[in-house]
Amino acid sequence: MSCLHDHSCEDHDCSTDWSLYKHIDLSKVSALNEATPGSVKSVFKAWEDRLNSSGGHLESNEGDPELLVFIPFTSDVKIKSISIVGGADGTSPSKMRAFINRDGIDFSDAQSMQAIQEWDLAENMQGVLEYQTRYSKFQSVGNITLHFPESFGGDTTKIHYIGFKGEATQLKRDVVATIVYEITPNPSDHKTHAESGGGLSHVG
């Protein structure tokens, strides 16, 4: 990832600058099929602490390695890359699928819906790998759901760290819309829903 800061990256850890950890709404993070309720919150930590497993980890129920993790942000973010540190002995997740700005996804939804992006993962116990996003599709992300359908053959899936790099916007989209809404009303702008086609476009 290129660094946009005005310093030498050899002397500065740019990974910390790009980390979105502080923008995660941790109190609302949740997971489906976690063996220990609430343990998912332990995998979100500062980049420099990503290999520190003393605070716990996320593990699926025995015999069912599938996990679904919902991560909301406190402001809209642009996600450049995702980092996953999994468990040893075949318990790291082998695949990852992402859905953005979709609330309440369950396993049935995740299996039937088309993800915005999918990755084949490597066993990344040292935390040195990052998975690049299709950046143009990861703009204005209010929440992201990560689906881990399987492990590397283990009876469970273990995750010690999930991290995001990118940028955060200062305002939520609804706040921006309120600020710019019709400062000077123009009658020609007041088309009916049918005339304007609803003003919505669907991005697949």
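**Strand E3 and its neighbours**

Modeller: E3 and E7 pair in the antiparallel sense over seven bridges; strands here are DSSP runs of at least two residues, numbered from the N terminus, and two strands pair if DSSP finds at least two bridges between them. Within that pairing, Phe70 stands opposite Thr145 in E7. Before going on, please note that this is a predicted model, in which local features need pLDDT of at least 70, side-chain atom pairs count only at pLDDT 80 or more, and totals for chains, interfaces and linings use all residues. Residues are numbered from 1 along each chain as its sequence is written, and side-chain values use heavy atoms, leaving out hydrogens and water.

E3 also runs antiparallel to E8, joined by nine bridges; there, Ile84 has Ile162 as its bridge partner. With strand E1 (residues 30-32), E3 forms three antiparallel bridges, and Ser30 stands opposite Phe70.

E3 is mostly covered, with 18 of its 20 residues buried, meaning under 20% relative accessible area with a 1.4 Å probe, protein chains only. The largest nonpolar core has 31 residues; such a core is a set of buried Ala, Val, Leu, Ile, Met, Phe, Trp, Tyr and Cys residues joined through side-chain atoms within 4.5 Å. Strands E3 (67-86), E4 (95-100), E7 (141-148) and E8 (158-168) each give two or more residues to this core, and E3 gives the most, eight.

How values were computed. Buried < 20%, exposed > 50% of the residue type's maximum accessible area, 1.4 Å probe, protein only. Helix = DSSP H or I, 4+ residues; strand = E, 2+ residues; numbered from the N terminus.
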